[in-house]
Amino acid sequence: MSRPILLKGGRVIDPSQQLDAVRDLLIVDGRVAGASDRPPDGTAVIDCAGLVVAPGLVDLHVHLREPGDEHKETIASGARAAAAGGFTSVCAMPNTRPPIDDPAAVGFVRAEGERAGFARVYPVGAVSVQLAGEEMTEIGELVAAGAIAVSDDGRPVWDSGLLRRTLEYIQTFEIPYFSHSEDLGLSAGGVMNEGPVSTSLGLRGIPAAAEDAAVARDCAIAELTGGHLHILHVSTRGAVRLIRAARERGVRVTAEVTPHHLALTDEAVRGYRTEAKMNPPLRSAADVQAVRDGLVEDVIDCIATDHAPHHYEDKEREFDDAPFGVIGLETALAVCIREMVTSGRMTLPELIDRMSCRPARIAGLAAGTLSEGSAADVMICDPEERWVCEPEKFLSLSRNTPFAGQELLGRVALTLVGGRPVFDRGGRVAAAAAEKS
Amino acid sequence: MSATVTFGKDLTGLEQLSAEQIKTILDVAEPFKEISERPIKKVPVLRGKTIVNLFYEPSTRTRVSFEFAEKRLSADTVNISATGSSVVKGENLVDTARNLEAMRIDMVVMRHGSSGAAQFLADRIPSNVINAGDGQHEHPTQALLDMLTIRDHRERIAGRKVCIVGDILHSRVARSNIYGLLKLGAEVAVCGPRTLIPHGIEDLGVQVFKRIEEAIEWADVLNVLRLQLERMKAGYIPSLREYNRFFGISMARLERAPHDILILHPGPMNRGVEIDSHVADGPHSVILQQVTNGVAVRMAVLYLLAGGQPERAELAKRERGS
Ligand SMILES: [Zn+2]
């Protein structure tokens, strides 16, 4: 059992309890102690003056590439990068090689996550065997083995009949379906957003309608079935409008947006920058405005990174041939502080709600809170610290970020999982421990 | 001709060039035209320079045109094509670039199937890179020779109405023409089936005609693009026959034009599809002159990127090849 820790004098922000106050937070036996509990002997005291102490961030959408592409990322390296970004829980998508479509594979991801001992790793199981979109996996078995949701992410569940049965079947197990909503007929061959930029670069476009059409269908099937539809990486104005309308009529739909879709437009692709190539693609300024508004107005529930590592060699090539995807775990908090908080669109507690409490609730995770007795998954950051994004310093095995070289604001100092330091930038815990002994 | 106009290392597209730079290339092409008319078609301007023609897509026309331009300027040239060359086969573009760099060549002329490939190469090697067509992005020397041909027949580009007809969506020739013509003050339109007109094209500053009759009524110049036969298989148009009926350039259509129209075509032509033979071989057509001008324009580009002074092009012409 790790030693007790007293986080002293930080600004404790816990939206799950509407808490925002300067106070101490005591952690004993890996759990958050009561406000009146006294620190036992041997407690490591960490000065958190000027820092924010918040529930660890929760990411519903990461690709950890293991098994199959361990040169891009492993479960351990991804979970470590997550910890460095303030994330204490991440949900790993099943589109690995082989995919996570049977209970043994789910068990493998869980066990590797535990063995690594950084952020908690929750497997997302596949909807269809081999992600082929044909035959449903043993979803009940996947959940029993530890899956917290199902998804064929990377691809939509294209057969509407299979999608219907999935949204019905998952209700027994009370898990959400994570939807990569894309109309493949409309997006076919596209490599970036369709619009003036794609026209001038001569790159084939993916129209916003490819997302809108799929979201409309997915919402209709969610309405029919009552299953929990969670829409991944919302990127278009039309999708925001459709989700808003579906929620207003009581459809069980939640949604997420990525930091890059909040921060960047398709102008970032100019110069054929493959580090700005992802799916869904960076969209127009009007779309960026719509997803920001959607997040502020609670149509979009939460922020998720869609952390998608790729080896530099795969990105160092012609735009058409480069793979889709960008990493995000180590920049998400800072990018979102810049785009949403510094810009005055949200308060910091509201942002933490969308990066911790709300995603935890969507996936039914016991996370996103610092209430008494809960596991001490804690993120401590300096929201004022300025730093320059230098990919070569990332803990992720990959470097494919569109934010390289940018000045960012807000940096994680310390991350605890179950009261155990899993990331400690300044060596605060070690220093405090040395002081005591 | 202004002596202050300078050029960068590469020619990846016309989007990055200024009107002055484009005019300079066209002006420098003028004296080079005459070299091709001599019995000994050679000047020593690029003697000792090595040029690699790196063609990832088959294109006899463009490659041969560049090769003539290079040889008439006395450069040493090597052709590498994706078909049948181990240098290119199975090797990625980064490694090819590094290999070229290691061989200390002076210039690379590249044709590649991916948009942005020319820029990609230019960013990675110190040699001059000339884009001979990259995916659906740009084909700058084609647009330059088109503009030179228009200028030959219509004195100036400014104020002329040029309509590009056909598959705009997949055409690098269209994009380069749009950028170049607009910079020189032309009015530009496009016309074709809506499936082959990219969304957002109006944002580039061009107007769109849905019907060829409207385009013919408006235009001074029609630049008729080749219709790739794959477009029919991919479902962009139902049949070539139907394309010819609604968008083909025929004598009957041109006769209804309110004024004399110049017909350009970048070749190779699909006779009876986008253009009827009577038009291609008729009085409106300047298609063969485009081919002749292609060599002169490419000589001008090679000369200028190699550091040649625009005002010395006339003198360079007078030097005799050995
Ligand atoms: Zn996805």
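In the predicted model, A:Asp69 is buried, with a relative accessible area of 12%. The side chain of A:Asp69 meets that of A:Arg97 in a salt bridge, with a distance of 2.6 Å from N to O. A:Arg97 lies in the loop between strand E7 (87-92) and helix H2 (103-116) of chain A, and A:Asp69 in the loop between strand E6 (57-62) and helix H1 (75-84), so the pair ties together parts that are 28 residues apart in sequence.

Over all chains, a search of the whole structure finds 42 salt bridges. Side chains of opposite charge can pair when their charged atoms come close. In chain B, B:Arg194 is bridged to B:Glu202, and the closest N and O atoms of this pair are 3.9 Å apart. B:Arg194 is partly exposed, with a relative accessible area of 42%, and B:Glu202 is likewise partly exposed, at 38%. In chain A, salt bridges that share partners join A:Arg247, A:Asp298, A:Asp301, A:Asp353, A:Arg354 and A:Arg358 into one network.

A:Met340 is placed in helix H12 (residues 332-342) of chain A. This residue is buried, with a relative accessible area of 0%. With neighbours within four places in sequence left aside, A:Met340 is in contact with A:Leu262, A:Arg292, A:Leu295, A:Val296, A:Arg345 and A:Met346. From A:Met136, A:Met340 is separated by 204 residues in sequence and by 39 Å in space, taken from C-alpha to C-alpha.

Chain B contains 13 helices and nine strands. For its 322 residues, a compact globule would have a radius of gyration near 20 Å, and the value of 19 Å for chain B agrees with this. The C-alpha trace of chain B spans about 55 × 45 × 35 Å along its principal axes. Of the 322 residues in this chain, 57% count as buried. When contacts in chain B between residues at least 6 apart in sequence are taken, 74% of them join residues at least 24 apart. The accessible surface of chain B is about 13,100 Å², and 50% of that belongs to carbon and sulfur atoms. The chain carries 41 positive and 39 negative side chains, with the centres of the two sets 3 Å apart.

Several backbone features remain to be described. Most residues other than glycine have a negative phi, and most peptide bonds are trans. In chain B, the peptide bond from B:Gly267 to B:Pro268 is cis, with omega near -10°. B:Pro268 lies in the loop between strand E9 (262-264) and helix H11 (277-280) of chain B. In chain A, A:Gln130 has a positive phi, near 60°, and is found in the loop between strand E8 (120-123) and helix H3 (139-145). A:Glu174 also has a positive phi, near 55°. The loop that contains A:Glu174 runs between helix H4 (160-169) and strand E10 (177-179) of chain A, and A:Glu174 is exposed there, at 72% relative accessibility.

Note on methods: Residues numbered from 1 in each chain as written. Chains lettered and ligands numbered in written order. Predicted model: local features only at pLDDT ≥ 70, side-chain atom pairs only at ≥ 80, totals over all residues. Heavy atoms only, no water. Salt bridge = Lys/Arg side-chain N within 4 Å of Asp/Glu carboxyl O. Helix = DSSP H or I, 4+ residues; strand = E, 2+ residues; numbered from the N terminus. Buried < 20%, exposed > 50% of the residue type's maximum accessible area, 1.4 Å probe, protein only. Rg over C-alpha atoms; globule rule 2.2 N^0.38 Å. Contact = heavy atoms within 4.5 Å. Areas by Shrake-Rupley, 256 points an atom, 1.4 Å probe, with all protein chains shown as cover. Lys, Arg positive; Asp, Glu negative; His and termini not counted. Charge placed at Lys NZ, Arg CZ, Asp CG, Glu CD.
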